[in-house]
Number of protein chains: 2
Amino acid sequence: MSETSRDSLRERALVLDAADPLAARRKLFALDDDGVYLDGNSLGALPVHVPARVQDVLTRQWGELRIRSWDESGWWTAPERIGDRIAPLVGAAAGQIVVSDSTSVNVFKAVVAAARIAGEGRDEILVDATTFPTDGYIAASAARLTGHRIVPVAPADVPAALGPRTAAVLLNHVDYRSGRLHDLPGLTAAVHAAGAVVVWDLCHSAGALPVGLDEHGVDLAVGCTYKYLNGGPGSPAYPYVAERHQAAFDSPLPGWNSHADPFGMTPDYAPADGSVRGRVGTPDIVSMLTLEAALDVWDGVSVDMVRAKSLALTDFFLECVEAYAPAGRVTSVTPAAHAERGSQVALRCDGAEPVMRRLIERGVVGDLRRPDVLRFGFTPLYVGFADAERAARILAEVLAGDTVG
Amino acid sequence: MSETSRDSLRERALVLDAADPLAARRKLFALDDDGVYLDGNSLGALPVHVPARVQDVLTRQWGELRIRSWDESGWWTAPERIGDRIAPLVGAAAGQIVVSDSTSVNVFKAVVAAARIAGEGRDEILVDATTFPTDGYIAASAARLTGHRIVPVAPADVPAALGPRTAAVLLNHVDYRSGRLHDLPGLTAAVHAAGAVVVWDLCHSAGALPVGLDEHGVDLAVGCTYKYLNGGPGSPAYPYVAERHQAAFDSPLPGWNSHADPFGMTPDYAPADGSVRGRVGTPDIVSMLTLEAALDVWDGVSVDMVRAKSLALTDFFLECVEAYAPAGRVTSVTPAAHAERGSQVALRCDGAEPVMRRLIERGVVGDLRRPDVLRFGFTPLYVGFADAERAARILAEVLAGDTVG
């Protein structure tokens, strides 16, 4: 790279950061100034106020109030309450999201429920063939139990694969590997036109870009909370069940927490109305209230602002990589078109593993998707343009150096 | 009651507490000296060292190391590591328990897996008709999905109900309502004699009495960690899969965490060996490490010591209730025989609801099982004999008072 291009990109980064309406959010997070954390699409950073809030949960709510906290500290209703806080981030009205269990467990609930909603006579479940593997494994298990057949299909080929046999379709909003954003409105409409039920996995989109669940008429969705929602390692996930489907939502995991009268302790199961029906067992309060505290960083932020910055950040990072990296050494597998891009950049790179190791040693934390993808997540609440420039510069230095091979 | 009997019971309580080898454990817990907490069978008390440990998880492991903690802080292997710490408390050798998900979700895994282990040609699942409801709801869902028929049966009637059609039997070790301890060795042997597979729910026995999973040849079990194991509200539960069944354990929730090569991200599922196969999605680290810290209170304690004290405590409480309470006002539904008693006392009582409300106002915290059962859990690590005497005395005062009706 030339000195001029580097100086000019650095200068542009400073100008962009100065104009960034989200720049002030960075101080809400525990981050080192001497590193660039680009793995928030795997584990979001800690909001600095969270530990004190969790201390209160432990010492006062559990330690002093003990069992009374189920009522007095709002533990019992936390799954719905926190679900309602996530709802606006994914374009859902209140009462449709409940925080509960892991993403995998929620995929199971959603796929079985979707197949049941679709009804008799439809025996195929289409599953995104490029999906994060757990979705495919769980969908296959659901299909085995419900007597459906799994049809793996790339998202772009879904419209052609849909038919009168299609019961349900499980799709990822953003591909975890390439960062490709799939066409949620168009694919949802296509699934509906075939009379089938769609389940969207929002793990890599919730908190990174507008999802518009209600607006686009999505049926069911699941998402995780430890990536762009910064809920903490393995924090609980959530199902979304569109209000129109709630009465027909027939969960394969009808635990006592989803009962219409959970403390009636009746031998027969009668499902609760509303999003509560997506609950299973006793909610994992410490993790759940950690997440609830973490969601405070979203106060006053719209997802549209986040999306605008995310696209500007990934554009700028790609521009810096293009300017700095040795020619031909890396190739972006993330789509250039904004409409097809999530909030990460994935670069194909020979010798990706040692490159990522060296990047991490130098403070640029991304991750590796074997065999040859360097993955960099851009979390607009705490990553800035100077971070993007610096990460690209260090990447170029590592690629030009002697650590690869 | 007479002054003499009261004085003599108080005196005996002091003597018993003075001779109690577990008495010193109480100071490990956050408890008020002006109350008696008899709800540890619902939510165990907070071990005082836990908040500092959780702070470290949040501020250093998550806040500073972030994604590196999956390796460097041992997050990834926490489910097996913590499972191995629970193992000796339930009589299991290492490598058979993994901490994961809620009890309800684990009941689902275990019942489906048990039915699959039993094989073709057996189409009935017997379920404890007196069970905590979630077990019955989940078993019914499992049966619906696997094509089995549910047969509700009281534990005592299980031997007569077993037959060549029996695939699996789901039983509670201790009845959550009455506190009755069921005959795990005898019932397990009976189930095996019929060629079926048994699943024990240990929620109300783990940490309260010897379970002897390996010794008695139990096939599968599930348990929770927030009662006698003090793991915190809704802390994750665990499945036990006997080593001889692990290769055949065919989980209905084959999430990526149970894959033989989870980071291979392969489209086909290949289950891991060992207890790891019981995992599903990303482990809920904050809750899980809260539990791990809480388990320190067991260092140097044997479950036999706990059991001896538990029986002495419940005997003594019953004796005090008998001495103090107005005649005929309460009746124990907990068996008098030690071999049939868990670690709680359940008293049938007219007007149980206002009685419990008044008890809680006076600092004696038990709970209510509608319509008419007062439930008192005795957790030997932090409840003493003076507590038992005091609880019985206050109960008698409340029963004799004007708050009932």
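Conventions. I worked on a predicted model, where local features need pLDDT of at least 70 and side-chain atom pairs pLDDT 80 or more, while totals for chains, interfaces and linings use all residues. Residues are numbered from 1 along each chain as written, chains are lettered from A and ligands numbered from 1 in written order, and side-chain values use heavy atoms, without hydrogens and water.

Symmetry. I found that a rotation of 180° with 0.0 Å of shift along its axis superposes chain A on chain B, with RMSD 0.0 Å (least squares on C-alpha atoms of residues with pLDDT of at least 70 in both). The two copies are therefore related as by a two-fold rotation axis. The same surface serves both, as 100% of the contact residues of chain A recur in chain B.

Interface. I noted 73 residues of chain A in contact with 73 residues of chain B (heavy atoms within 4.5 Å). The buried area is about 5900 Å², 66% of it from carbon and sulfur atoms (accessible area, 1.4 Å probe, lost on being put together, summed over both parts). In chain A, A:W62, A:R66 and A:Y137 lose the most area to chain B, together 15% of what that side buries.

Salt bridges. I recorded four between chain A and chain B (side-chain nitrogen of Lys or Arg within 4 Å of a carboxyl oxygen of Asp or Glu). A:D32 and B:R66 form a salt bridge at 3.1 Å, N to O.

Methods
Buried area = accessible area lost by both parts, 1.4 Å probe.
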